[in-house]
Amino acid sequence: MDWFVEALKKYAVFSGRAQRSEYWYFFLFYGLISIVLGIADGLAGSYNRHAGMGVLSGIFSIGMLLPSLGVSVRRLHDVDRSGWWLLIAFIPIVGAIVLLVFCVRDSQPGTNRFGPNPKEAFPGDRFSLT
């Protein structure tokens, strides 16, 4: 949950780098919250079949648009790709596969044109208590 909150704190930051953990945990919790809100919409009767979502999940999706774009751009920066690569998602199937490959790759070691490697800035466990 710390990674989700970390991405929310940087909700409109499109510079710098985001390591894999930040990206994948953000979307894990995004998905879990969306499922819970979808169930709540169904129980409350606010689900719209034509829209494919309900009031609560719709508000959540709109609110999470900038944070999800921000963490995605920073993740692409981490593998030394421009954030404009997100536009490849508009190419059916191939675009999604290319973005998936970029997002599962390990961070580029050292500093790249988008900043220092976040793994090197926080060695070891990012949120350790020691």
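How many residues of H4 are buried? I counted residues as buried under 20% relative accessible area (1.4 Å probe, protein chains only), and found H4 mostly covered, with 11 of its 14 residues buried.

I noted that this is a predicted model, in which local features need pLDDT of at least 70 and side-chain atom pairs count only at pLDDT 80 or more, while totals for chains, interfaces and linings use all residues. Residues are numbered from 1 along each chain as its sequence is written, and side-chain values use heavy atoms, with hydrogens and water left out.

**Helix H4.** I took helices as DSSP runs (H or I, at least four residues), numbered from the N terminus. H4 covers residues 65-78. Its buried residues include Pro67, Val71, Arg74, Arg75 and Asp78. Just after H4, I found Asp80 with a positive phi of about 60°.

**H2 and H3.** I looked up the packing of H2 (residues 20-44) with H3 (residues 55-63): the angle is about 155° and the axes lie 7 Å apart. That makes H2 roughly antiparallel to H3, a term for angles over 145 degrees. On the H2 side, the contact (heavy atoms within 4.5 Å) includes Tyr30, Ile33 and Leu37; on the H3 side, it includes Val55, Leu56 and Phe60.

Leaving aside neighbours within four places in sequence, I recorded Met64 in contact with Phe4, Leu8, Phe26 and Tyr30.

Definitions and conventions: Axes are lines fitted to C-alpha atoms, for helices over the stretch in contact, and angles run from 0 to 180 degrees between N-to-C directions. Helices (H or I, at least four residues) and strands (E, at least two) are DSSP runs, numbered from the N terminus. Angles under 35 degrees count as roughly parallel, over 145 as roughly antiparallel, 65 to 115 as roughly perpendicular and the rest as oblique. The expected span of a helix is 1.5 Å times one less than its number of residues. Buried means under 20% relative accessible area, exposed over 50%, partly exposed in between (1.4 Å probe, protein chains only).
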